[in-house]
Amino acid sequence: MKLTKEQILRYKKQISFPPIGIQGQTQICQSRVLVIGAGGLGAPSLMYLAAAGVGTLACIDFDRVEIHNLHRQIIHREKNISVPKVFSAMEAILALNSTVNFEAIDEKITEDNIDDYVAQYDVVLDGTDNFTSRYAINDACVRQNKPLIYGTVLNFELQLAVFNLQGSKHLRDLFPLPPDPDQVPNCELNGVLNTVPGILGLMMAQEALAVITGRPSLKNQLLILRTDTWSLNKISF
């Protein structure tokens with residue numbers, strides 16, 4: 001693939017950035033990325049991956065936009081309340097970058113269908129909010145040998161990891177079994193400050209771009225960032 005004049009103009013600032021350059025931008029424009037979830041993590045990830053020039057960007061989500069989503073899921077608009085999130089996201093993505101091939105998948109992921117979706121893409125981002133989905137996504141990525149960008153939020157704390165990258169470890173190496181759902185806090189009960197998932201969504205997008213362009217990324221490490229104190233830890237596993 002050779003970049004067009006329009007692409008060179010659009011992505012001039014990235015191309016001028018030595019860690020990306022023409023080769024990296026070409027890789028981004030050729031890439032196929034799947035974002036699972038168009039919520040607090042998926043919304044910023046989708047926007048920045050589209051802006052970066054990801055060639056094919058897909059999103060799976062079965063929810064509809066609700067008014068309480070709008071404070072943090074910045075891809076959606078008031079006029080799209082009650083619209084399926086993937087179609088609301090598609091509208092925003094194509095308004096930002098009409099050259100992106102956006103695939104809206106209005107469906108719930110299950111253990112029966114996840115492999116079929118994961119197999120079609122180069123990189124997967126997990127923007128879900130429950131451990132049943134997280135483990136199903138992880139296991140499918142392991143079976144399909146696809147890198148997985150993983151992120152989770154609890155209060156002010158972010159956790160970020162890249163699983164199954166070139167033979168690296170994955171979610172079950174870190175946490176072999178999912179926790180009891182009754183023991184897991186969630187934002188429906190505990191609330192969430194809107195900026196916290198936004199920060200993590202951008203970090204997930206950056207790791208996805210690192211994987212696509214072959215730059216160093218998190219590997220066999222869990223990054224933990226507290227956004228109230230800006231304390232940062234990396235745990236090797």
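**View 1. An open sheet of 8 strands in the predicted model.** The 8 strands form an open sheet with mixed pairing, in the order β3-β2-β1-β4-β5-β6-β7-β8, where strands are DSSP runs of E with at least two residues, helices are runs of H or I with at least four, and both are numbered from the N terminus. The edge strands, β3 (101–105) and β8 (231–236), each pair on one side only, two strands being paired if DSSP finds at least two bridges between them. From one strand to the next, the twist averages 15 degrees. This is a predicted model, in which local features need pLDDT of at least 70 and side-chain atom pairs count only at pLDDT 80 or more, while totals for chains, interfaces and linings use all residues. Residues are numbered from 1 along each chain as its sequence is written, and side-chain values use heavy atoms, with hydrogens and water left out.

**View 2. Strands β1 and β2, with helix α4 on the sheet.** Strand β1 (residues 32–36) and strand β2 (residues 56–60) run parallel and are joined by 5 bridges, and the bridge partner of Arg32 in β2 is Thr56. Helix α4 packs on the sheet, where α4 touches β1, β2, β3 and β4 (123–126), and the direction of α4 makes about 170 degrees with that of β2. Contact means heavy atoms within 4.5 Å, and angles run from 0 to 180 degrees between N-to-C directions, with axes fitted to C-alpha atoms, for helices over the stretch in contact.

**View 3. Helix α4 against helix α10.** Helix α4 (residues 42–52) and helix α10 (residues 195–213) pack at an angle of about 40 degrees, with their axes 8 Å apart. The contact involves residues of α4 including Pro44 and Tyr48, and residues of α10 including Gly201 and Leu209.
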